[in-house]
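I opened this notebook to record what I looked up in the structure. The entries begin with the ligand and then turn to the domains.

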Amino acid sequence: MAAESEVQKKLPASLSAKFQDSFAYLTIKDRMPVILTKVVDFVHRKKNNLGPEFGEDGAEDLKNIAGHISKLRYEIQTDKPVVPLEDDRSDTIIWNQILEKLTNENGNEPPKWFSSAWLYLECYMYRRIQESVELCKVMQDFDVFEESKNNAFYSSELAIQTLLTNLLVTVDNIEKESDKKLSENLLFQQFLQVSLWGNKCDLSISAGMDNAQTSCILDQLQFLKDNILINDSSQIWNYINTKKGGSRIDIVLDNAGFELVTDLCLAEFLLSAGLAKSIHFHGKAMPWFVSDVTSTDFSWTLKNLSATNNLAMSKFGRLWQDRIEDKSWVLHFDTFWTLPFDFAKMKSEAVELYKELAKADLIIFKGDLNYRKLVGDLNWNTTETFETSLRGFHPAPLVTLRALKSDVVVGLKEGQGEETKEKDQSWMVNGNWAVISFCDKTI
Ligand SMILES: O=P(O)(O)OC[C@@]1(O)O[C@H](CO)[C@@H](O)[C@@H]1O
Ligand SMILES: [Mn+2]
C-alpha cells in the first residue's frame, strides 16, 4: 500500500478547470454549456415534430429531458457539487460508488465543476444526459445526438465517396502489384493517416457545430504529414509483419460520420492485404461525447452506405455487413468505455474487457478522449515517454491515432513542443497536429 501511494505521489496532477489557463477551464466554462444548450434546442424541436406513435407520454418525456439538461447546465455554470445518479441503468451503482469514493477522498466534499478532475466531470456530464433519457416513460432509446451524427455523415458524403472509390481500386489491385511489400507498406501508411486525420472531425470539439470533412482527405495527406509530431508507423508496420497475417487487430473507435468511415477503410485494407485475419471494433454502449459511435450508429452507417447509388459506397456497405456475418469483423460495446475510469484502471475494474483486449495482436485507440484515458488525463511533461504515461496498461501492443484536441501530449523531443507553439499558438487543441504513438510492451 505504501509503495503504491509512493508511485501515485510522483504522478503529475489531473487536468482540471481549477487551472484557469487550461483547456479544461475553457471546456467547462464555455464549451460544455454550449453543447447542453444545443441539446435542449434539439429536444424542443423534436417535441414539436414528434410522431403520433409516442403520444402524450413522448412529449412529456422530451419536456422532462429538456428540463433535466437545463438544470445540469445551471449546476455546471454555478459550480454546484456533483450529485448521485437516480436512474436504474446497469452502471448507476458504479457511478455512485465512484462519487462516494471521490467525496471521501476530498474531506467529505463532493467533486465540483471548477476544482475537480476534468476527465471525471466531463464523463459525468454525458452520463447525466443519459440519465434524463433513462428516466423516460417511452423515449428510453432516444439519442439526443442522433441528428447531428447523421448530418455529419450526410455532409461528408462527397469525401466518403472519393475515399471509398480509392479503396475499391486499392483492394482490386492489391494482389496484382509486382513489388507487393513496398506498395503495401505505402498503402498501410496512407490508410493509417486517413484514419488518423479522420479524427479531426468530431462534433464535441466544435461544440456540436457541423464539422464535416468536405474535401478529399487523400489529397491532404502529403500536406498534413509535417503536422504529425510523432510518427511510429514504421515500427507498427514491422511489428504487424512479424505476425504473418494471422493476427487479430482491435480498433477502439471514436466518432461516427466521416471518422468511422476512415476507420472502416483501415480495417478493410488490413484484411484485404492479408495483414490481419480479423478486426474487432469497440464502440460505446450509450451516446457519448456528442459524436462517438454507438451500435445504432454503426448499423446506420452500413445501411446508409448500402442504400446509396454510388458503386463504391454500396459495395462496401454490403461487404461490411457480410464481414460482420462471417465474423471477420466483430463488434463489442462494453460499458467500461462510458465510465470515467482511465485505462490503467481497466485491469481491476473491467477484468473481462482487459482479457478480451489481451487476445488482440495490436490495439488501435482512436481519438482524443481515448488518448486522455490512456495517459490518465494527467498534466505530463511533453517529453515524458508514452510507455511511462500508460502506467502499466499493456493488454497487448497498442497504438494511438490522435489529433491533439486537449492540452496533454507525451513522447515529444526536447524543444519540440516549444517549436510547435511558435508555429501555432493553439497547437494542442485545434486538431491540426497529431501523433501516431506505438508501445509494444505486454505484461
Ligand atoms: O475523443 P475525440 O472525439 O477525438 O475528442 C473529444 C473532445 O472533443 O472532447 C474533449 C473536450 O470536450 C476533448 O478530449 C476532445 O477535444
Ligand atoms: Mn469522440
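Entry 1, ligand 1. I began with L369, where a backbone N or O atom lies 2.7 Å from an oxygen atom of ligand 1. I note at the outset that the model is predicted. I then looked up K405 and found an N or O atom of its side chain 2.8 Å from an oxygen atom of ligand 1. For R31, the corresponding entry is a side-chain N or O atom 3.2 Å from an oxygen atom of ligand 1.

Which residues come nearest to ligand 1? I listed 16 residues around the ligand, and E122, D254, D368, L369 and K405 come nearest.

I looked up the domain assignment of the chain, which gives domain 1 as 2-134 and domain 2 as 146-439. To their contact, domain 1 contributes 26 residues and domain 2 contributes 31 residues. Taken over C-alpha atoms, the centres of domain 1 and domain 2 are 26 Å apart.

I recorded about 2,600 Å² buried between domain 1 and domain 2, with 69% of it on carbon and sulfur atoms. On the side of domain 1, the residues that lose the most area to domain 2 are L15, L119 and Y126, which together account for 24% of what that side buries.

How many salt bridges does the rule find across the interface of domain 1 and domain 2? I noted two. I also looked up the salt bridge of R45 with E147, in which the closest N and O atoms are 3.3 Å apart. For polar contacts across the interface of domain 1 and domain 2, I noted seven residue pairs, both residues being at pLDDT 80 or more.

The most comes from α5, with eight residues. By class, I recorded 16 nonpolar, three polar and seven charged residues on this side of domain 1.

Technical notes
Residues are numbered from 1 along each chain as its sequence is written. Chains are lettered from A and ligands numbered from 1 in the order in which they are written. This is a predicted model: local features need pLDDT of at least 70, side-chain atom pairs count only at pLDDT 80 or more; totals for chains, interfaces and linings use all residues. Side-chain values use heavy atoms; hydrogens and water are left out. Domain bounds come from an automatic or database domain assignment. Contact means heavy atoms within 4.5 Å. Buried area is the accessible area (1.4 Å probe) that two parts lose on being put together, summed over both. A salt bridge is a side-chain nitrogen of Lys or Arg within 4 Å of a carboxyl oxygen of Asp or Glu. A polar contact is a pair of N or O atoms within 3.5 Å; within protein, one must be able to donate a hydrogen and the other to accept it, and residues adjacent in sequence count only if both atoms are side-chain atoms. Helices (H or I, at least four residues) and strands (E, at least two) are DSSP runs, numbered from the N terminus. Ala, Val, Leu, Ile, Met, Phe, Trp, Tyr, Cys and Pro count as nonpolar, Asp, Glu, Lys and Arg as charged, and the others, Gly among them, as polar. A residue is near a molecule or strand if one of its heavy atoms lies within 4 Å of it.
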